Amino acid sequence: MRYVSTRRADDAGATFEDVLLSGLARDGGLFVPECWPDPFSSAEIEQLASLDYASLVGRLTKCFVGDAIETKALERMARECYAAFDHPATAPLTQLDSNLWLMELFHGPTLSFKDYALQLVGRLFDYVVASRGQHLTILGATSGDTGSAAIEACRGCDNLSIVILHPAGRVSEVQRRQMTTVDAPNVHNIAIEGTFDDCQALVKATFGDLTFRDANNLAAVNSINWARIMLQTVYYAYAALALGTGDRPARFAVPTGNFGNVYSGYVAAALGFPIAGMLIATNANDILARFFAGSGYRKNEVVASINPSMDIQVASNFERLLFELYGRDGAEVRTLINDLETGDGFNVSADKLAVARHHFAARRVEDEQALDCMARAWQQCGMLIDPHSATGLVVAEGNVTNMPTICLATAHPAKFPDAVEKATGIRPELPPALADLLQRPERVTQLPNDLAAVKEFVSLAAASHKEGKVA
Ligand SMILES: *Cc1c(COP(=O)(O)O)cnc(C)c1O
């Protein structure tokens with residue numbers, strides 16, 4: 001399997017390993033498979049239904065990974081990492097109403113759905129790099145959940161170091177401590193005196209210095225990495241196999257920010273699993289809801305909400321859907337993205353919008369609606385749900401059909417205790433493995449919003465590995 005960029009300016013045909021390690025294509029586009037694999041037949045689907053989660057990972061990724069990693073090795077890594085999750089079903093389904101289910105994607109070590117892909121991506125990095133006798137330094141910026149999931153995935157990997165920037169004082173205490181209390185010599189946290197946008201700009205500028213990037217063997221684990229998309233398709237397939245059938249396919253409701261998670265559901269449907277479509281939930285940062293309502297794709301200012309991991313105006317992975325809508329024409333995609341970045345955004349034709357609406361519907365959910373939904377889930381089902389998951393549930397409840405609808409619970413309620421307490425009066429407790437999180441010592445370096453200072457730190461972190469000591 002080869003990969004191409006959504007902008008097709010740099011079309012050499014990347015391998016899975018290139019795609020895994022580089023994240024973004026050199027022309028600024030996102031990697032997608034050169035062609036989609038044939039969907040599984042109904043006989044194959046029937047046979048896949050009997051597999052456990054780790055075996056399903058092996059079967060689903062086989063067509064995308066090619067020869068880069070042996071299926072047996074991949075399955076073994078999957079088995080190891082999901083065995084450490086705190087639920088035997090990995091992604092359990094809980095029934096809320098006659099046709100309504102919650103899929104709990106918070107049983108990994110950092111309590112958000114991001115663990116489901118990143119835990120394995122960390123191992124894949126380590127595996128590929130070790131086979132090349134290399135060492136990599138992973139560099140990223142986080143507004144909360146990605147940083148801790150990436151750190152937890154790379155801790156203890158001999159061939160990796162990781163440096164994560166977060167905005168000082170602008171992530172929640174639980175989120176910060178999940179990053180800064182990890183006691184591993186290859187983990188480095190920087191608190192930047194600035195905003196998340198400042199952090200992201202510093203990371204971009206560091207990668208932009210190609211000499212520095214090569215000298216320090218830098219790699220990225222941002223949400224546009226194809227390997228993350230690929231591994232997220234597994235829980236959609238797993239749930240669709242459990243609850244959907246060819247005659248009565250399942251629908252998913254997905255709290256959405258960067259369009260990564262929900263796009264994985266679209267890929268799972270393309271692979272032939274019994275999936276009827278995706279309901280997208282946005283918060284006040286509603287660029288996707290406006291697009292699907294027919295108002296075009298244009299940015300607004302980012303607004304703070306009770307579901308901060310969805311406070312994103314430009315949904316990076318949406319470029320992958322545009323690529324398909326425009327017949328895989330990279331020049332068209334380049335024009336659209338340019339209009340978005342430098343102009344007033346763009347509209348798509350009625351027929352393209354109809355194709356998009358065949359797969360997706362989207363709705364904006366206000367903070368009060370999410371809080372009200374959390375209160376009702378507590379009163380009616382005795383369940384505490386987090387403010388991100390609540391947005392999907394609000395959309396599902398407003399769009400009832402006779403199909404089974406599966407709402408993705410993307411975070412554990414204890415990750416956002418203030419919102420949960422506000423809605424229900426109950427302060428959720430952290431799971432046992434994290435019960436002493438608030439007492440653990442923190443390791444973090446505060447730096448000014450200054451590129452030279454960040455680069456100096458990164459090169460020290462990269463070098464400390466070679467010398468086998470802690471920076
Ligand atoms: C990252 C995140 C989201 C948004 O996911 P996307 O893939 O960016 O759409 C939703 N909920 C939680 C809890 C998250 O951490």
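This report covers a helix pair and a strand with its two partners in a predicted model.

## Basis

Local features need pLDDT of at least 70 and side-chain atom pairs count only at pLDDT 80 or more, while totals for chains, interfaces and linings use all residues. Residues are numbered from 1 along each chain as its sequence is written, and side-chain values use heavy atoms, with hydrogens and water left out.

## Helices α10 and α11

Helix α10 (residues 226-243) packs against helix α11 (residues 260-270) at an angle of about 65°, and their axes are 8 Å apart. Axes are lines fitted to C-alpha atoms over the stretch in contact, and angles run from 0 to 180 degrees between N-to-C directions. Helices (H or I, at least four residues) and strands (E, at least two) are DSSP runs, numbered from the N terminus.

Of α11, nine of eleven residues are buried, that is, under 20% relative accessible area with a 1.4 Å probe, protein chains only. Among them are Val262, Tyr263, Tyr266 and Val267. Gly272 follows α11 and has a positive phi, near 105°.

## Strand β12

All five residues of strand β12 (residues 405-409) are buried. Thr405, Cys407 and Ala409 point one way, and Ile406 and Leu408 the other. In a regular strand the side chains alternate between the two faces of the sheet.

β12 pairs (at least two DSSP bridges) with strand β4 (residues 100-104) in the parallel sense over five bridges; Met103 has Leu408 as its bridge partner. Strand β9 (residues 250-255) also runs parallel to β12, joined by three bridges, and Ala253 stands opposite Cys407.

Terms used
Buried means under 20% relative accessible area, exposed over 50%, partly exposed in between (1.4 Å probe, protein chains only).
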